[in-house]
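Let's take a friendly walk through one residue and one chain-to-chain interface. Here is the model to look at.

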Amino acid sequence: MSQLTYAKIDQTILNTLTPPKKYYWGIIFLLFLGVMIGAACWTHQIFTGIGVGGQNNPVGWGTYLINFVFWVGIAHSGTLISAILHLFRAGWRNPIARAAETMTVFAVCIAGLFPFIHLGRVWQVYYMLPVPNQRLLWPNFLSPLMFDVIAISTYLTVSSLFWYTGLLPDIAAIRDRSTCNRYKIFKILALGWTGAHEQWRHYARGYLFFAALATPLVISVHSVVSWDFALGIIPGWHTTIFAPYFVAGAIHSGLAMVLTLMIPLRKLFKYEDIITIEVLQNVAKTIVFTGLIVGLAYGTEFFIAWYSRNIVEVEQFRWRAFGDYRWGFYFMVLCNTMAPLLFLFKKVRTTIAALFIISLVINFGMWWERFVIIVGGVAHGFPPHAWGLYAPSLIEYGIMLGAFCLFFFMFVLFVKHMPSISMTEMKETLAEGAGHAA
Amino acid sequence: MNRRTFLKIAGLGSISFAVGCNPPQKNLFSQVHVPDDMVVGEPTWYASTCRECPAGCGILAKNREGRVIKIEGNPLHPINKGKLCMRGQAALQGIYNPDRLKTPVLKENGKWQPLSFSKAESIIKIKAGEAARKGENRVRMLTETVGDSLLNLFTAALTNLNSQPPLVFEPYGYESLKTANEKVLGIDGLVSYHMDRADILVSFGADFLETWLSPVEYAWKFKTMHELTNGNKNLFFQISPYQSLTGANADHWLACNPDSEAVIALGLIRQALDIGKGKDLPKSFQEFLNEATAPYTQGMVLERSAIPLALYEKLIIQLMGAGHPLVIGTGTGAANLNGLQTNLAVNLLNLLLDPKLRLIDFTNRHRVELAARRSDILQFFDSLKQEGADLLLLNNVNPVYNLPTDNIIREALDNQDLFVVCFSNFMDETAESADLVLPVRMPLESWDEYGGKNPLVSTLQPAMGKITKASHLGDVMLYAGFENDPPAKNYRDYLVASLAEMRGVTDEFQWVQTLQQGGKFDLTVKEARTRKTPRPKKLAKILSKNPAPSKSELAFMAMPSIRFFDGRGANRPWLCEIPDPLTRIAWQAPVVIHPNTAKAQGIAQEDVVELQTEFGRLEAPVYVTELVTPGLLVMSIGQGHQSYGRYAREAGINPLRLLSAGADPDSGGAGLNTPQITIKKTGRTLKLASTSGSRTQHGRTFALSVKLADLDESIPPPKTGLTMGNFPLTLPLPEGYDPKRDFYPPHDHKDYRWAMVVDLDRCIGCGACAAACYAENNLGVVGVDRVIEGREMAWMSIERYHSEAAMEKVTFLPMLCQHCDNAPCETVCPVYAPHHSKEGINNQIYNRCIGTRFCVQNCPYKVRRFNWFDWKWPEPLNLQLNPDVTVRSKGVMEKCSFCIQRIKAAHNVAKNEKRMIIDGEVTPACVQTCPTNALVFGNLMDRQSRVRQLVNNPRAYQAIGYVNTKPAVIYLKKVTQEI
Amino acid sequence: MPRERHIMGLFRDEDSVVSAINELKQSRYKFIRVNTPFPSHKIMDALKLKKSMVGWFTLCGGILGFIGGFGLAVYASTQWNLIVGGKPVIAWVPFVIVGFEATILCSVFGNVIGLLTQARLPSYRWLRYYDPRCSGEYFGVLAACEIEQEDGLKEFFQKQGADVKVFE
Amino acid sequence: MSENGKKTMAKQKSNKFWVFLILVAIGAATFIFGLNGRHPERAWQAYLINFLLWSAIAQGAVLFSAVMHMTKARWSGPLSGLSESFTAFFPISYILFLLLFLGKAHIFPWLHEDLHGKEVWLNIPFLFTRDCIGLLILYILGFGYLFNAMQLKLDPNQPKSKLRQSIYDAWKRNNRQPDQIRRRMTIWGGLYILAFALVLCLIGFDLIMSMDPHWISTLFGAYHFVKAFYMGLGALIILAAIIRLRQGEASRLNASHFHDIGKLYFAFCLLWADFFYVQLLVIYYGNIPEETHYVIIRTVLAPWNKLAWTVFIVCFIGPFFILLRQGVKTKPVLMLIICSVVIVGLWLEHLLLLAPALSHEATQAIPLSLSDGLISLGFLGLMAFAIGYFLKVFPETIRVKESN
C-alpha cells in the first residue's frame, strides 16, 4: 500500500457513498422480493402449523435450526477478525474488519430469527423472557435454549455496540464531507465526535476492552450453540468436543463468508489498493488452519466412537458415513477440510476466482455439516423402531431463501450508505506502516 | 407462588384447561333434559354388550353429560372378564361416525332422496303387505348374527308375512369347523374350548387372538395357559403358512406350505396311532383311521409341508406326552378341502389324545354357529333370481363387499322388481345397491339381548340418548311385519317377555339386576347330551381325498384382520390409524411376501405389484417379511371399500376380489385362499405408511427376552456394570441413585411414585391398549399422509422387534412415556412445560408449551408427540372427546400422562374417604383394557403394591437403562423356551 | 476575564504536530487540544496523558453482571422449586453460563457508559472549535490566546508549517 | 563488554550443571529405591506423571516459536529464540518414554481388565509402536524447525563447539538465502504444529484417558495439548524471567515482551479452564454413568475432590485474578512465581487424572509423598540441564543488548 495516502483512503471510501445507479435499486428490489417470499412462507406456517415444514418424529428440528447454527457461525468471524486479531495486533485485519463486523451484526439478526420461526407457538415466545409476571412464571435457566436466548441477545447487543463504536470516527469523517440532509443525519449519528485527543484517549482504551470482552464472548456464544446438542444425550450429539469444534467451525464458515463478500466488494468499489491480495491471502491461510481444526474434530469423533465400543455410538457414526445422509457427510468432509487445503498453494491463494469459488464451497460444506449433525443425530438415535428420515419442504426452502435475501438486502444497503472500510483504522495502519518504514 | 400451588395449576392443566388450547367445543352438555342418573362432571356407567363382532363381549359404557365417551370391558362378564379388544374400543366411532346416516334414503331413479323415518317404515310395511299377499315366500331377509329375541321376532314377522325365516349371514361362517364338529363330534355347531386348562396347545392356523370365534376370551384363556407359573410354561405350536399375530405368540411356528396343514394333522394322527393312542375307540374305527392315515408317513409329511424335521419331532414328542393336550383347527376362513380335512383330523386328534375331550365345552357354544353356510347364502341369492321375490330385507350385512366376485348377488340386488331394504347406518357397498336404506338404532342406543354363547344372557341397554331419530330394528319389524296384532307394542316389552320365557328373567328385580350386571351369568344349564362316536363312512369320503399339490409356485391367502374383522371396522378412524401389529403399517393393505420370493420375483419393498387370479386382479404395494412362508402372498381383509364413508373409501385394497365366492362342496364354506396366482411388477412404487424404523433392535436393550432355562434361581445374577449390556436396574426412587455414578442428589416423592410394569411375556401385541389410549386421551387421527411423514400421535404404541438371530421370531414392546426420574426432556425445555410432578409423573403442561420440540429431540425413547397441525374431529366425532382431557392445539407437545385425569379422580375419592389410594384403584386406559393383563400400574413407594412386587422379579429391566434416566416403566423380559 | 481567541493550526504530519505541541507547551499560548483523524501514538505520547478511567466502569459492570446473572438464575429456579431431569433445583454447573454471559453483557454496558461519560459524548460543543479537515488528512492543534496575541499565535503556527484557522 | 559478559555467563552455567546433575541423581535414586520398595507402582506413577508433564512442557514451549513464526507476529522478539532452547529436552523425553516400557505392568491398569473389544486398540505392542513413531516424528520436525531457525540467529564469531561446527557445515553445504530459509521454517513449523496437535492427542488418549479404559471424552486429546501449550508458555516465561533477572537491564527482554507473553499465558489459562468446563458441563448434564463415574470419583467424592479443588484454584482461579492486572504481567519475579505454582498445580492435575486409576488402594488418602517430589526434582534437573546445555552451545539465544 505504498502509494496510499490519507487523502486517497478518504477518496476511495467516500466514492462508494455516491448516489447509487439504477441497477443497484434493481438488486435491492429483487432481494426485497425474496424477503417477502420468506415472510409469506412464515405467515402461512404460523397459521397452518409447523407441519407445513418437513420435520417429524424423530427429526423435530430441520432447516430452521440448521440455518440458525449456520448464521450464528457466519457471525463469528466478524468478531474474531475485529477483536481477536485486534488483540494480536495483526495489521491485515483492518481493511476487512468493518465489513466483517457488519456481516456479524446482520448475520446474528438473521440467526436470531430462526428460533422464532421454528417455534410451534411463536405467539407465546414471551414465556422465554425472564420478566416478572403476575403468575410468577419464570423460564428454565437449565435449558440450553435459555442459554441461547441469553447468549445470542448478548452477542447481538455487544457486536452492535462494538460495531457502532468502530463506526463513530468514520461517521464523523463523512459528516465533515457531506452537506444538507446527509450532514444533518450524520451529525446526529456522530454524537459530536471530533477526534479530539481527550476523546481518542478514552476511545482507544474502551475499544481495547471491547475487543477483550468480545473474544471470550464469541467463544462462549458458539459453545452455547453447540450445547443445544451436546447437552442432549442423543448419540452423535452428546460429545464433549462439540464446543471447541463448533467454535472452530463457526470461524471457518465466517472467514469463508468474509471472502465471499469481500471479493465482489473489492471489485465493485475498486478497493484493490486497500484490500490487497496480501489481506485475502492471510484470510485464506487462516481458513486452512480452521479447516484443519475442524478436520481434526471430525477425525476425533469417529475415532472415539470406534474406540468407545458403545454400539449406539458406533452405529450412529457408521450410518453417518454410509447411511442415508452419507452425501451430506461427504460434502462436509470434502468442502470443509479438503477444499481449503488448496490454499496451501500460493497460486490458488492469489487467484481471486479460486478464492471466491472455494469460499463458496466452504459455505456450502458448513451448511451440510450442520445438517449432518442436527438431523443425523436424532434420525438414527437410540430406539431403532423410531428411526426416520427428514427432507425439507418447499415452505422451509422459501424461508431459507428469505433469510439469505434479508441478509444481502441489509448488507447491500449498508455498503452503499456507510463506510464499508474503516477509514480511521486504515490511516492508523498507514501511519504505523510509515513508522516502520522510517 | 410455591410449588404446591403451581402443581395445582399443573394438575388442572389436564382438567380445567380442557378448553385452554382449543376454541371451546360447542355445547359440552349435549342434553337439555338431564336424566335422573346424570350428574354433571360425574360419569355414569351402563352395562351392555359389544356388537362389533359375533363374540359378544360384555361392556361398560361410560356416559358423561349424556354422551358415551369410552367403552370398557365388563368385569363380571364371563366371556371377556372386563377386557376389550381394539375393535370394541372403536365401537364409539360407529355411533359418532360422521358418515352415519341421519335419515332414511330412498333411491328414486338412481338418485338418493332423504325421507322421514315414519315414511320409510310405512313404505316397508306397505311393500311387505303387498308381498305377503302375492303369495309364498315373497319376503326374504338376510341378517347378521343377532340375539335370540330379535331372531325370533324376525322369524315371527316373516312367518306372518308367510315367508321363510331369515338367513344369518356372517362372512366368517366357520363352515369347515362346523362340518368337522358335526362329522366327528356329532354337533353341527361351534363348540368352545377350555384353552386355559390345556398344557399344550397346537393350532393349525386358528387366529384366536385376532378374529377366531371369540378373540378376547381366547386371548385371556391362552395367556392363562401360556403364562409363566413357578418356572414353567406350557407350550403353544402354531402350524400355518402365514404367521398371524397368533402365530407370533407361539413358542414354535411351523411354517408349512400352503394347503399342507391337513397332511401334518393326519400325519400326527398316524403318529398317535403308532404309539397306541385311541385304544378305547371301537376297533372298526381304529382300523379305519389306520388305513386313512396310512399314506401320511413322516417322510411324506415333511416332503409335502416342508417343515423342518427337528420341529416336527419336537411337536410329536410334546403333543403325545402331554396330559391335557388341545388341538384346534384352521383359521377363520379356511373352508376348502384342506381346511375341512384339517379340522376333521384335528377333532380326531383330540379324540385320540384325550378320549374324554375334557377341554371341549359342548354346552357353551359360540352363537356365531347360527350363521348360514356360504353355500346356503349363495343358494339364497340364486333363489332370489330363480323364484324371484318382492322384498329383501338386509340387516347390517354387506355381501356386496364380502363376496365381490359373485355376480348373482349384484344381479339379485339390481333386479328391478325386487325392493331391497337395507337396515344400515352407513352407505356401504350393499346399501348403495339397495332401494331403501333405513338406519336403525345402534347397539349402544338400544334395548336388546345378545348372548355371545348360548345360553348366556347378555343384555344391551341405551347408554346414551340417540344420535338420530332412528327406531330400533325390532320396533320396525313389529310395525312392518304385523298387520294388526303385533306380539308386543314395542320391542322392549317383547324383549322382556322373551327373556322371561327363555331365560326365566321373570320379575322386575331380576330384570333390573340383569341390566345392571349386563346380563345373567349364573344360569345353570344341563350338560349337552352325550356324544355318539363318529361313523367312519362319513369321514372316509373326505379323508380319502388326496389332492395333488398345486403346480404354481405362488399361492395367495387373505387373512382376517384384527383391526377390521371382516371389513366392518374399516370406517373407524382409530382402527385405520393404529398400525397392523406385525407389519406396523397403518391405513394401507400391503401384500406380504417372503424375502426369497421377493428376490425371485425381482420385487422390492414398496413396489406396487399386480396380482391376478382367475377371479380377479388388483394392484397392491409390497411388504417384505419373514413371517410368511416362501411362495405365499398374504393380504389382510377389511379395507378397500368403494363406499362406506370417508375413512373406509379409497383406503387399502380388498383382497377378496381375488378369491372365488363359490363354496366348497363338502364343507359348504368358502376358502380365503387360492393356490394359483400370478404377480407382475407395475414399475410404480407406493410409500408405505409404516410407523417403524428398523425391524431389529441392533443389539440394544429395548425388547429383551430370556430363555426359560436361564430363569433358574440357582444361577447367580450376572455382575453389573455401566454399559448397555450389564447396567443394573435403577428404580425411580431415592434408592435408585448411586453417588458413584449420579451427579444428582436423590429426590423424594410425596406418598406416591406412580410406575408401570410391562410384562413382555404376557403382551400379545393386540393393540387394544393403543385404541383405549386414543379413546381416553383425545388423540388426534392424522391420516395416511401424515403417518407417512412420521407424524402419528399414538401415545402408546406396540413396537415389534424381529430377533436378529431368527427373523421370524417377534417380540412385542409396548412403548409409552417412561416417566423417567431423570427425564432428559424436562431439563431442556426453556419454559418448564415438562416437569417432574411430586408423584413422579413427567407432566406436560400444554398451555405452557411453546413448541420448541427440544424435549422430543432429547427423549431417548422418542415417545413424545407433537401437534404439527390442529387435528380434526368432524361432527359428531367430537362428541366422543373425553371432557377430562385437554384437546391439544397445533404447536404443542403431548405424550402419555399415565392417564393423570384418572389419578386425580382417584385422589378425590380417597380424599373424601380420608385414606390413601389403594393399590389397583387407578388403572390407566391401557392397563384397564389389556386382555392379558400384561400391564400393571401402581405406586412404587408402597412396598406391598403389585408393581413393587413385580420389580423384584429377576426378569425386570429398563429400556436402555444405561442412559440412566431411571424410567418408571419397568419391563419384564419375555420368556422363550427351546425344547 | 478578557475574551479569548481560538486558533487552530492544521498540520499534515504527526511529527510536526508533536514538535508544535511541545513548543506550544513552553510558549505563553494556551494549548487546548489536538484533533486527529486517528489515534496517533506519537501525539498521545507527546501529550503525556494519564491512563483512562474507562476500565473501572467496565470492571464494575462485570461484577454487577456476574452477580446479577447468577442471582437471576438462582432466583428464578427457586421461585419454581421444581425438579427437572433429576437435577438439583439450584444447579451451579450450568448456571455458570448464565453468569458468564451476564458478566460480559454488563461489562460491555459499563464500558459504553464509561466511554460516553469519560469522552463526554454525545455533545455538540466539541464542534464549536473544530475544522472538518481534522477528520481527513490534517491534524488540528487548537490553541487559545488573548485577542491581541492573535497574530503571534498565527505566525507561530505558520512557522511550524501549518495552515491556520481562526475561530471568530 | 558483551564479550566477557558472555564468557562469565558461560562459566556460571558450567558451574550450574553440577547442581542439575545432582538433582537428577537424587531423582533417579529415589525412583530406583521406590522400584525396589513395597509400592513400585507408586514410583512408576510418579515417573509417568513427570514424563507427561516435562515432555508436554518442552513440546509446548517449542510450539510457541513455531506459532510466532507462522503468524508473523513481531512482538515475540527474543522469546521465540528462547523457546527453541526447549528442543534440547526432546531426546531426553524420547528416552524417558522408551523407559516407560519397563514399567508397563504398573502403568497400564487395563492389562488386567476385560476391555469389551477395546483390546484392538489397547495392547502394549501397538500402543508403544504408534506412540514411539508419533513422538519420533514430532521431535524430528521440532529439530528440523530448529535447524532452520538457528541459521538466521547464529552469529559466526562465537566459540565453535563440535556440534556447532557440524551444523555450520550442514548450512554451508546447502547455503540458502534468508527468505528461502524462512519458507523452509514455515513448512517445518507448520508440520510441527500439525504433528503437535495429533501426537499430543494420541498421547492424551493413550497414556491418560485409557487409564480408565471404560471412560471416553472426545475433547480429551485437545484438552491435553492445550494444557501442554499452557505449561509450555509457563515454562518459557520462567526461563525468560530467570534470564531477565540474571542479565538485568542489559537484557533484550523488556517489559513489553513479558506483558505480551503474559497476555497469551492469561488467554491460555482461560482456554484451559474452558476446556475443563466444557467437558465437565456436558458430562454433568448428560449424567450417563459411562462418563460420569470417572469425573465423579475425581471431583465429587473424597479424597480426590480436595485435590480437584486445589488444582482448579491453583491453575485457574488464582492466576485468573492475579493476571487480570496488567501490572503483574510485566514483573518477571511475579510471573516466575505464578508460572511455577501453576506448573506444580498441573503436576497435581496429572496426579488427579492418573492416580485414581493407577493406585486403587488409595481410597482414603491421596497417594502423595516426598518421593514423588524428589523424583520430580530429578526431572526438573534433566530439563534444566538440557536447556543449560543448549544455551551453552548457542549463547546468542540470550544475547544481551548491543551496548549503545
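Helices here are DSSP runs of H or I with at least four residues, and strands are runs of E with at least two, numbered from the N terminus. D:His224 is found in helix H9 (residues 220–247) of chain D. This is a predicted model, in which local features need pLDDT of at least 70 and side-chain atom pairs count only at pLDDT 80 or more, while totals for chains, interfaces and linings use all residues. Residues are numbered from 1 along each chain as its sequence is written, chains are lettered from A and ligands numbered from 1 in the order in which they are written, and side-chain values use heavy atoms, with hydrogens and water left out.

D:His224 has a relative accessible area of 2%, so it counts as buried (under 20% with a 1.4 Å probe, protein chains only). Leaving aside residues up to four places away in sequence, D:His224 touches D:Leu200, D:Ile203, D:Gly204, D:Ile208 and D:His350; contact means heavy atoms within 4.5 Å.

Now to the interface of chain A and chain D.

| Item | Value |
|---|---|
| Chain A residues in contact with chain D | 30 residues |
| Chain D residues in contact with chain A | 40 residues |
| Area buried between chain A and chain D | about 2900 Å² |

Buried area is the accessible area (1.4 Å probe) lost by two parts on being put together, summed over both. Carbon and sulfur atoms give 71% of this area. In chain A, A:His238, A:Thr240 and A:Tyr307 lose the most area to chain D, together 25% of what that side buries. Helices H7 (197–230), H8 (242–268) and H9 (277–308) of chain A each supply at least two residues of the side that touches chain D, and H9(A) gives the largest share, ten residues.

Conventions:
Buried means under 20% relative accessible area, exposed over 50%, partly exposed in between (1.4 Å probe, protein chains only).
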